[in-house]
Amino acid sequence: MESPTLRRKRGRKPKKPVADTMDLQLPSSSLADDESQISLTDASPPPSTRLRRGRPRKIGRPSIPDMDVSGGDNKLPPSSSKRGTQHVISTNGELSDLVLVTAAAEQPPRWGQVVKAVPSMDAVVKVFCVHTEPNFSLPWQRKRQYSSSSSGFIIGGRRVLTNAHSVEHYTQVKLKKRGSDTKYLATVLAIGTECDIAMLTVSDDEFWEGVTPVEFGSLPALQDGVTVVGYPIGGDTISVTSGVVSRMEILSYVHGSTELLGLQIDAAINSGNSGGPAFNDKGKCVGIAFQSLKHEDVENIGYVIPTPVIMHFINDYEKSGEYTGFPILGLEWQKMENPDLRKAMGMAPGQKGVRVRRVEPTAPESEFLKLSDIILSFDGVDIANDGTVPFRHGERIGFSYLVSQKYTGENAIIKVLRNAKVHEFNIRLATHKRLVPAHIKGRPPSYYIVAGFVFTAISVPYLRSEYGKDYEYDAPVKLLEKHLHAMAQSPDEQLVVVSQVLVADINIGYEDIVNTQVLAFNGKPLKNLKSLATMVENCKDEFLQFDLEYEQIVVLQTKTAKAATPDILTMHCIPSAISDDLRS
C-alpha cells in the first residue's frame, strides 16, 4: 500500500513546500496598549483539561510524597535521595516492583545570576509595529491598519536590527526592552528588502541605558550549536530555542524574492521570532531568524540570515547613508556538465564554466557579454561546470555568492571564453531591474483613470493582492509568463493593465475586462503608465483607442470620455483620476 504522503491527485502538480516569514500579526482590535493579547477562540485547552468520550481517566497516586512549596517548614529530609515504589509489568506478564531514585532538589539559580550568565539576552527587544498596507484593488486608498509583534536586537551605534517584513508599510514602530514596561517610539533608518533586514533607532536616551550591544561572530560550521532568542507567539517574556546548523547554501528569501546565503537550523522558529538573533556557544550573534518551512512532511526547519549578509547590509548603510541593495549579474546561465556541449562550445579539456543564455538589456553586463559566452571565473575565482565555486573546506556554493559579496557600483573582473579565445572584462555591478518588480518599496501604487477604466502597473504585490498567496498558480498565464521570463528593454518600462472597469453608461460592453494588458494607445506602443496618462490627457483625436492583449480593442469618444470621468470619480468617492507620482 502506498504511503498517504506520496499520493497525488489528478490535474495540477502538487505545490512545493514554501518557506514563510515569521512575524506574529495581531487583529486590528489589538491596537490598544496591550498588543500582546491573542484571541482565545483559536486556542485549544491544555491536554489535562480536555474532555474525552467514554469513561473519565483515573488519576494515579504519585509515587513520591507531595512537597509543600508554600513557604512553610515542610522540607525534604536531609538524605541525598528518596525511594519510591512503582508497579510495572515485566516481559513475562508478572508484576514486579521498580524502585525510583530521585536526586535531592538543588537550589535553583537566582534570577540575577541567570542574567549575568547570558548578558546578550538583555539586548534582545520586542518590536511592535502598526502597518497600513496599500490597497491594490482600490489604489487611491489604503487597507485597514493592523498590528504585529516581532523581535529585534541592539547593535553598536545606538541601532537596532530586525526583519524588513516586520516593519513593512509601517505607520508606527515601538520597541520594548527585556524586563521593561515601557514602549519607546522608534525611527526606521533603512529597510533592506532583498536581504529582509531593517535598521531602527530610538531617540530617547533612557532606552540605551544599561544595555550592552550584541557582538557578531564568524560564520558557523555545520553541526555548530545555535540558540535563537526572541518573543514568539506574542509572549511578553523572552523565549530561547536551541539547535544546530544543518545546512548552509544559497536559498530563496521569501520576502525579498532573491537568493542569498542562508543557514538552515533545526531550532524551532515560530511566529514572532522574526528579527531575533541566533547566538553561538560563545554568546555572539551569527544570524537573524527570518523564516521557516511549513509543510506536513517536515519539522523544525528554520532559516537564519548569516553574518556575511548582515554585515553587507550594515556596511552598505554606513557607506552611502542608505540601503542600495545587493548587486547581481543581469543574465541567465546554463550548466556545462555535458561533455558534447563543452566540446561544441570550443572548451579545452581543463576549462570549466557556465554558458550565457540571456542578458538583461538594462544590465551593465549587456555591453560586454554576448549569447553563448562561457563565464570561466569571477574576480579570479574559477567557476565549475555546475555553477559552483569553492566555499570552505569540503563545501561548494553557487557563484552568485561571490556577486552578492560586492557592493552596488563596485567593479568585478569577469573572464569569458568566446570563439575559443579568452577575454577579460571589468564590469560595474548594479542592482536588478525587473519588468515586474518584486516590491514597491513602501510607495503607494500608481494608477490612472479615464471613463471608468482603471489603469495600473503590474508588480508582485499587485498579483498577490489580486490572486492571493498562490498567485503563481492562479494568475493568468500571460501575466505569469511575463513575470517569470520577460525582460525590461528600458529602465522605465512597465507592464500596464486595465485593473477593472468602474461601471458607467459610457463603458457599456467593457465591464468584463479585468487585469488585461494594454499594448498600445492610438497605434503607439505603450512604454509605461506615465506615458499612457500623458498621451490620453494630450489626445486631440476624435477617439481613444486602447489595444489590449488577445486582440481586444477599447474605443471611446475623446470628449465624452473625458467629460464623464469627473462624475464617475464622484460616484465612487475617488479623490483624483491620477496618482501623485504621475503628476510630475
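How many of the six residues of strand 28 are buried? Five of them are, so strand 28 is largely enclosed by the rest of the structure. Buried here means under 20% relative accessible area, exposed means over 50%, and partly exposed is anything in between (1.4 Å probe, protein chains only).

A note before the close-ups: this is a predicted model, where local features need pLDDT of at least 70, side-chain atom pairs count only at pLDDT 80 or more, and totals for chains, interfaces and linings use all residues. Residues are numbered from 1 along each chain as its sequence is written, and side-chain values use heavy atoms, with hydrogens and water left out.

**Figure 1. The whole chain, for orientation.** The protein chain has nine helices and 31 strands; these are DSSP runs numbered from the N terminus, with helices being H or I over at least four residues and strands being E over at least two. Of its 584 residues, 44% are buried. Take the contacts (heavy atoms within 4.5 Å) with a separation of 6 or more: residues 24 or more positions apart account for 63% of them. The chain exposes about 32600 Å², and carbon and sulfur atoms supply 51% of that area. Accessible areas come from the Shrake-Rupley method with a 1.4 Å probe, and for residues only the protein chains shown count as cover.

Figure 2. Two strands count as paired if DSSP finds at least two bridges between them. Strand 28 pairs with strand 27 in the antiparallel sense over two bridges, and V497 stands opposite Q517 in strand 28. Strand 30 (residues 543-548) also runs antiparallel to strand 28, joined to it by three bridges; look for A520 opposite D547 in strand 30. Strand 29 is another antiparallel partner of strand 28, again over two bridges, with F521 opposite K524 in strand 29.

Figure 3. N522 is found in the loop between strand 28 and strand 29 (524-525). The hairpin of these strands has two residues between them, and N522 takes a positive phi near 50 degrees there. That's a positive value in a residue other than glycine. As for cover, N522 is partly exposed, with a relative accessible area of 25%.

**Figure 4. Helix 7 and its buried side.** In helix 7 (residues 477-485), the buried residues are L479, L480, K482 and H483. They cover an arc of only 160 degrees around the axis, so they sit on the same side of helix 7; the arc is that of the directions from the helix axis to the C-beta atoms. An α-helix has 3.6 residues a turn, so residues three or four places apart point the same way. The buried residues of helix 7 pack against helix 5 (460-467), helix 6 (471-474), strand 27 (496-501) and strand 28 (516-521). On the face turned away from the buried side, helix 7 carries the exposed residues V477 and L484.

Figure 5. L251 belongs to strand 12 (residues 239-253) and counts as buried at 8% relative accessibility. Leaving out residues up to four places away in sequence, L251 touches T258, E259, L260, G262, L263, F290, Q291 and Y303. One of these, G262, is eleven residues from L251 in sequence and 5.9 Å away in space, C-alpha to C-alpha. S257 is in the loop between strand 12 and strand 13 (258-265). S257 counts as partly exposed, at 26% relative accessibility.

**Figure 6. K406, a lysine under cover.** K406 is in the loop between helix 4 (400-404) and strand 23 (411-418). With a relative accessible area of 15%, K406 is buried. Not counting residues up to four places away in sequence, K406 touches H312, P327, F378, D379, N411, A412 and L429.
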